[in-house]
Amino acid sequence: MPDMLVRLYAMPAACEAVQRLKQDGITIRRPQPYECSVVRRFIEKNFSETWADETMTAFSHQPVTAYIAVDGQRIVGFAAYECTRKDYFGPTGVLPEYRKRGIGLALLQMSLQGLADLGYAYAVIGGAGPVDFYAKAVGAEVIENSVPGIYTAPLPEEAQE
Ligand SMILES: CC(C)(COP(=O)(O)OP(=O)(O)OC[C@H]1O[C@@H](n2cnc3c(N)ncnc32)[C@H](O)[C@@H]1OP(=O)(O)O)[C@@H](O)C(=O)NCCC(=O)NCCS
């Protein structure tokens, strides 16, 4: 999975996607610091432990460098930035039954706005799985020779024994 580059200075405002979801009852917001554990468990359960670990870095920043999508009292998606490395976007995920409704796009746009607000002109989408999604959503371009990039294999389970 290659890394991708995004021009933050050419990004449209994120508010339209967020407003549209609000009308559907879905809120895009930063998690509170005291929601760290519930967010971690959501990511572990629905995605992976390594994604949960990466996202925990967001809670060492103020404001928290992550967004969640909430439907009523339920987390249905998340996105993290400034976590795996400085100026990186990801990981991100939306529950399968909530996909293709604009949630992934809203989480991505809000996170990229967060990176722009930190002063970056470009952002890196780390280890982009759905390359077409990022290309279409924010005009991201694949970075040549970026596999595996910074992503070395994590220590195996046995490493803790
Ligand atoms: C990638 C992901 C976050 C997208 O979330 P989503 O809420 O379905 O995305 P959106 O509804 O906002 O999609 C925005 C646009 O991208 C398109 N799109 C969504 N997923 C796509 C994909 N995998 N490939 C190509 N296009 C995609 C949508 O059709 C939509 O286009 P439209 O505006 O013309 O309808 C979601 O599919 C997911 O959680 N995947 C599994 C985890 C994952 O791969 N995360 C990325 C790791 S780098």
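## A buried alanine

Alanine 66 is buried, with a relative accessible area of 3%; buried means under 20% relative accessible area, exposed over 50%, and partly exposed in between (1.4 Å probe, protein chains only). Alanine 66 belongs to strand 3, which covers residues 66-71. Helices (H or I, at least four residues) and strands (E, at least two) are DSSP runs, numbered from the N terminus. Between alanine 66 and valine 131 there are 65 residues in sequence and 21 Å in space, C-alpha to C-alpha.

This is a predicted model, in which local features need pLDDT of at least 70 and side-chain atom pairs count only at pLDDT 80 or more, while totals for chains, interfaces and linings use all residues. Residues are numbered from 1 along each chain as its sequence is written, and side-chain values use heavy atoms, with hydrogens and water left out.

## Where the ligand sits

Let us turn to the ligand. The ligand sits in the largest pocket. A pocket, on a 1 Å grid over the protein atoms alone, is an open set of points where a 1.4 Å probe fits, with protein on both sides within 12 Å along at least five of seven lines. A molecule sits in a pocket if more than half of its atoms lie within 2 Å of its grid points.

The elements that each give two or more residues to the shell around the ligand are strand 5 (88-94), helix 4 (103-117) and helix 5 (131-138). Helix 5 supplies the largest share of the shell, four residues.

## The shell and its contacts

In total, 18 residues surround the ligand, and the closest are Val94, Lys100, Gly104, Leu105 and Lys136. A residue is near a molecule if one of its heavy atoms lies within 4 Å of it. By type, the shell divides into seven nonpolar, six polar and five charged residues. Here Ala, Val, Leu, Ile, Met, Phe, Trp, Tyr, Cys and Pro count as nonpolar, Asp, Glu, Lys and Arg as charged, and the others, Gly among them, as polar.

Polar contacts are pairs of N or O atoms within 3.5 Å; within protein, one must be able to donate a hydrogen and the other to accept it, and residues adjacent in sequence count only if both atoms are side-chain atoms. A ligand nitrogen lies 2.9 Å from a polar backbone atom of threonine 92. A ligand oxygen is 3.4 Å from an N or O atom in the side chain of arginine 99, and an oxygen of the ligand is 2.8 Å from a polar backbone atom of leucine 105. The protein covers 71% of the 910 Å² of accessible area that the ligand has on its own, as given by the Shrake-Rupley method with a 1.4 Å probe.

## A buried glutamate

Glutamate 35 sits in the loop between strand 2 (26-29) and helix 2 (36-46). With 16% relative accessibility, glutamate 35 counts as buried. A polar atom of the glutamate 35 side chain lies 2.7 Å from the backbone nitrogen of glutamine 32.

Most residues other than glycine have a negative phi, and most peptide bonds are trans. Glutamine 62 and proline 63 are joined by a cis peptide bond, with omega about 0°, and proline 63 is in the loop between helix 3 (49-56) and strand 3. The bond from glycine 90 to proline 91 is also cis, with omega near 0°; proline 91 is in strand 5.

Lysine 100 has a positive phi, near 65°, and is found in the loop between strand 5 and helix 4. Lysine 100 is exposed, at 88% relative accessible area. Asparagine 145 has a positive phi of about 55° and lies in the segment after strand 7 (141-142). Asparagine 145 is exposed too, with 79%.

Key: On a 1 Å grid over the protein atoms alone, a cavity is a set of points where a 1.4 Å probe fits but cannot get out, and a pocket is an open set with protein on both sides within 12 Å along at least five of seven lines; lining residues have an atom within 4 Å of a point.
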